[in-house]
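Subject: Handover of a structure and findings

Dear colleague,

Please find the structure below, handed over for your own work. The findings follow directly after it.

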Amino acid sequence: MGRQNDDLAVIPWYWRDWRASKARAKMSPIARGVYRELLDAHYGEVDCALPSGDADLAILAGVDLKTWLKVRAE
């Protein structure tokens with residue numbers, strides 16, 4: 001992927017907002033984990049961009065392609 005963003009030592013996480021989110025409540029536990037992994041990957045890039053390909057996104061999310069394709073719409 002791209003260059004790493006080392007300027008963000010800390011990323012605020014508003015856990016109460018996350019727990020209160022209706023969108024989060026509708027997500028499967030696997031989709032929640034995938035979402036969090038992609039958020040971390042997003043903030044880690046200098047341009048805060050993620051790749052568009054399913055295979056690359058699955059790798060960043062830490063899941064196999066079959067799992068990614070199952071949860072990506074969530």
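Apart from its neighbours within four places in sequence, W13 is in contact (heavy atoms within 4.5 Å) with W18, R36 and L39. W13 belongs to the segment that precedes helix α1, residues 15-20. With a relative accessibility of 35%, W13 counts as partly exposed; the class lies between buried, under 20% relative accessible area, and exposed, over 50%, for a 1.4 Å probe and protein chains only.

The model is predicted, so local features need pLDDT of at least 70 and side-chain atom pairs count only at pLDDT 80 or more, while totals for chains, interfaces and linings use all residues. Residues are numbered from 1 along each chain as its sequence is written, and side-chain values use heavy atoms, with hydrogens and water left out.

Overall fold

The chain contains 5 helices and 0 strands, in the order α-α-α-α-α along the sequence. Helices (H or I, at least four residues) and strands (E, at least two) are DSSP runs, numbered from the N terminus. Of the 74 residues in the chain, 22% are buried. Among contacts between residues at least 6 apart in sequence, 50% join residues at least 24 apart.

Helix α3 has 16 residues and reaches 23 Å from its first C-alpha to its last. That is close to the 22 Å expected at 1.5 Å a residue, where the expected span is 1.5 Å times one less than the number of residues. The buried residues of α3 are A31, V34, L38, L39, A41 and G44, and what covers them includes α4 and α5.

The axes of α3 (residues 29-44) and α4 (residues 54-61) come within 8 Å and cross at roughly 95°. The axes are lines fitted to C-alpha atoms, for helices over the stretch in contact, and the angles run from 0 to 180 degrees between N-to-C directions. On the α3 side the contact is made by V34, E37, L38 and A41, and on the α4 side by L57, L60 and A61. These residues divide into 6 nonpolar, no polar and 1 charged. Here Ala, Val, Leu, Ile, Met, Phe, Trp, Tyr, Cys and Pro count as nonpolar, Asp, Glu, Lys and Arg as charged, and the others, Gly among them, as polar.

Within α4, L57, A58 and A61 are buried. They lie on the same side of α4, because they cover an arc of only 100° around the axis; the arc is that of the directions from the helix axis to the C-beta atoms. The buried residues of α4 pack against α3 and α5 (65-71). After α4 comes G62, with a positive phi near 80°.

Two further residues

C48 is located in the loop between α3 and α4. Although C48 is not a glycine, it has a positive phi of about 55°. Most residues other than glycine have a negative phi. C48 counts as partly exposed, at 29% relative accessibility.

T67 is part of helix α5 and, at 22% relative accessibility, counts as partly exposed.

With kind regards
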